[in-house]
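The sequence and the structure come first.

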Amino acid sequence: MTSRPLPVASQAWTALLPLLIPGGIIGWALSGNRWTLWGVEAMEAKTPSSTSFADLSNITATADCIRAGTEFTVCDPYGRAFQPYVVIPARILAVFGLGTDSTGMLGWLLALVFVLTLGFLGLVLARLWRGTKGGLIAAQLVLALAAVTPPVMLAIERGQIEIITFALAAAALVLLTMRSTLPNIIGAILGAITAWLKYFAIGLFAPFISRQTFKRRSSIWAIAGLVLGALLLLISWNDISQAASASRADLPATSKSQFGAAALVSTMKSDAPIGYAPSPAVIEHWDSIRLAGLITVVVAVAVALVLTKRPVAALSTTPDVIPALLLGSAGILALPYVLGSSHDYRLIFLLIGLTATLAWISHSRGPVRRLSQLFVVAALIALATGASMTPMPSGFIWGKWALVIGDFALLFILATCAAIWLRRLIYKPAAT
């Protein structure tokens with residue numbers, strides 16, 4: 001016997017939990033530059049702001065260069081390689097006369113965008129919930145807890161515009177599952193823009209590619225958004241190539257501050273304590289390590305394919321937004337995961353899938369419910385062990401064993417979602 005859904009009006013207030021709790025904690029961290037409490041290695045501030053907002057300061061400094069008419073490819077205050085993604089937001093800031101002196105204000109604004117997106121996800125969770133009010137409150141608290149983990153704090157401290165991508169992706173996925181044409185069109189456009197801002201976000205369209213694609217109006221608009229996003233990526237191909245090179249995604253890395261298939265194997269093979277760079281023997285055989293990472297992913301997906309027949313059938317009976325959020329968030333992370341190493345702030349996209357998984361728990365039972373609960377645990381582990389960069393004031397820092405467990409938790413999520421997606425390509429819902 002399943003629980004009755006709560007009236008929408010009586011459960012919407014629970015969205016205040018993932019809005020106010022992370023909002024208060026993030027505001028407290030920002031006001032006192034308290035990032036080491038999460039093990040985040042804060043960078044030295046190069047602007048009037050007390051928090052570095054180091055990645056944002058690259059954009060604001062570039063905006064100053066654009067307004068001054070000087071070469072804007074060498075404006076990063078930290079002397080890092082030029083990242084083409086800074087140019088478009090820098091030009092927008094330059095139009096409004098914003099630059100380095102506005103870094104602090106813009107950093108706080110990015111944090112606000114993140115918190116408001118959490119509130120939006122909380123509303124989505126409340127709308128989808130089909131269990132008891134106590135269960136919903138617990139689910140909202142889990143989302144709130146996940147939103148103040150180290151990768152999130154790293155994104156806030158760096159002032160990462162990945163936060164904008166996160167907000168756009170969440171909105172696009174919800175809009176694309178609505179049953180009205182206008183929201184579908186807006187969702188498709190937002191999805192294409194999201195992919196344009198960050199190429200790997202093209203994966204958000206993955207859940208709309210299935211056997212039922214051309215039987216649903218929303219899926220057709222999603223395919224249109226996918227095509228538009230792909231065209232924008234082709235036009236920007238040179239910038240994408242330069243950005244990939246500047247991010248050093250193909251260089252040896254560990255799970256100390258990055259994630260990816262290669263980083264998983266690298267961390268396992270490196271000596272403790274784990275540093276930013278792998279052990280010399282790992283670096284020497286980096287090509288083999290990357291290949292081993294890809295093989296690990298293939299094996300994990302193959303195993304998951306054997307175990308996901310029932311979950312695929314169960315997902316087909318839930319509201320469309322649940323598989324869209326789950327597979328869309330995994331799709332965003334899958335491309336950078338297999339292509340190279342990504343900085344841990346990108347794990348904020350797990351929050352979108354976590355919202356879907358929490359809602360899925362209330363729609364499922366038996367083995368499927370246990371799988372959805374396992375998803376939640378895996379997401380929390382992956383987020384909790386991410387961005388393990390510096391010893392905390394207590395002297396505590398995650399050891400190698402914890403980083404490896406976190407890596408396998410993320411692999412479990414992505415491999416299982418990949419298997420579900422592959423099965424949905426051929427899955428035919430039972431006739432009713």
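## The loop between α2 and α3

Asn33 sits in the loop that joins α2 (16-32) to α3 (54-68); helices (H or I, at least four residues) and strands (E, at least two) are DSSP runs, numbered from the N terminus. This is a predicted model, in which local features need pLDDT of at least 70 and side-chain atom pairs count only at pLDDT 80 or more, while totals for chains, interfaces and linings use all residues. Residues are numbered from 1 along each chain as its sequence is written, and side-chain values use heavy atoms, with hydrogens and water left out.

Asn33 is not a glycine, yet its phi is positive, about 55 degrees. With 35% relative accessibility, Asn33 counts as partly exposed; buried means under 20% relative accessible area, exposed over 50%, and partly exposed in between (1.4 Å probe, protein chains only). Phe53 belongs to the loop between α2 and α3 and also has a positive phi, about 45 degrees, although it is not a glycine. Phe53 is buried, at a relative accessible area of 0%.

Trp35 is another residue of the loop between α2 and α3, and it is buried at 0% relative accessibility. Setting aside neighbours within four places in sequence, Trp35 is in contact (heavy atoms within 4.5 Å) with Ala29, Leu30, Val40, Ala42, Thr51, Met153, Ile156 and Glu157. Trp35 and Thr390 are 355 residues apart in sequence, but their C-alpha atoms are 10.0 Å apart in space.

## Overall build

The protein has 19 helices and two strands. Its radius of gyration is 21 Å, close to the 22 Å that the globule rule gives for 432 residues, so the protein is as compact as a globular protein of that length. The radius is taken over C-alpha atoms, and the rule is 2.2 Å times the number of residues to the power 0.38. The C-alpha trace spans about 65 × 50 × 45 Å along its principal axes.

Of the 432 residues, 55% count as buried. Among contacts with a separation of 6 or more, 77% are between residues 24 or more positions apart. The accessible surface is about 18500 Å², and carbon and sulfur atoms account for 67% of that area; accessible areas come from the Shrake-Rupley method with a 1.4 Å probe, and for residues only the protein chains shown count as cover.

Helix α12 (residues 261-269) has seven of its nine residues buried, so it is largely enclosed by the rest of the structure. The buried residues are Ala261, Ala262, Ala263, Leu264, Val265, Ser266 and Thr267. Their cover includes β1 (258-259), α13 (280-284), α14, α16 and α19.

Pro273 lies in the loop between α12 and α13. The peptide bond from Ala272 to Pro273 is cis, with omega near -5 degrees.

Ser257 is in the loop between α11 (237-246) and β1. Ser257 is buried, with a relative accessible area of 10%. Not counting residues up to four places away in sequence, Ser257 touches Tyr276, Ser342, His343, Asp344 and Met389.

## The second largest pocket

On a 1 Å grid over the protein atoms alone, a pocket is an open set of points with protein on both sides within 12 Å along at least five of seven lines, whereas a cavity is a set of points where a 1.4 Å probe fits but cannot get out; lining residues have an atom within 4 Å of a point. Grid points are joined across faces, edges and corners, and a volume is the space filled by probe spheres set on the points.

The second largest pocket has a volume of about 450 Å³. Its lining has 22 residues, and Ala330, Gly331, Ala334, Ala418 and Trp421 lie nearest the centre. The elements that give two or more residues to this lining are α14 (286-307), α16 (321-339) and α19 (400-424), and α16 gives the largest share, seven residues. By class, the lining has 20 nonpolar, two polar and no charged residues. Ala, Val, Leu, Ile, Met, Phe, Trp, Tyr, Cys and Pro count as nonpolar, Asp, Glu, Lys and Arg as charged, and the others, Gly among them, as polar.

## The second largest cavity

Five cavities of 30 Å³ or more are found in the whole structure. The second largest cavity holds about 90 Å³ of space. The residues that line this cavity include Ser255, Gln258, Phe259, Asp344, Asp407 and Leu410. β1 and α19 each supply at least two residues of the lining, with the largest share, four residues, coming from α19. The lining of the second largest cavity has five nonpolar, five polar and two charged residues.
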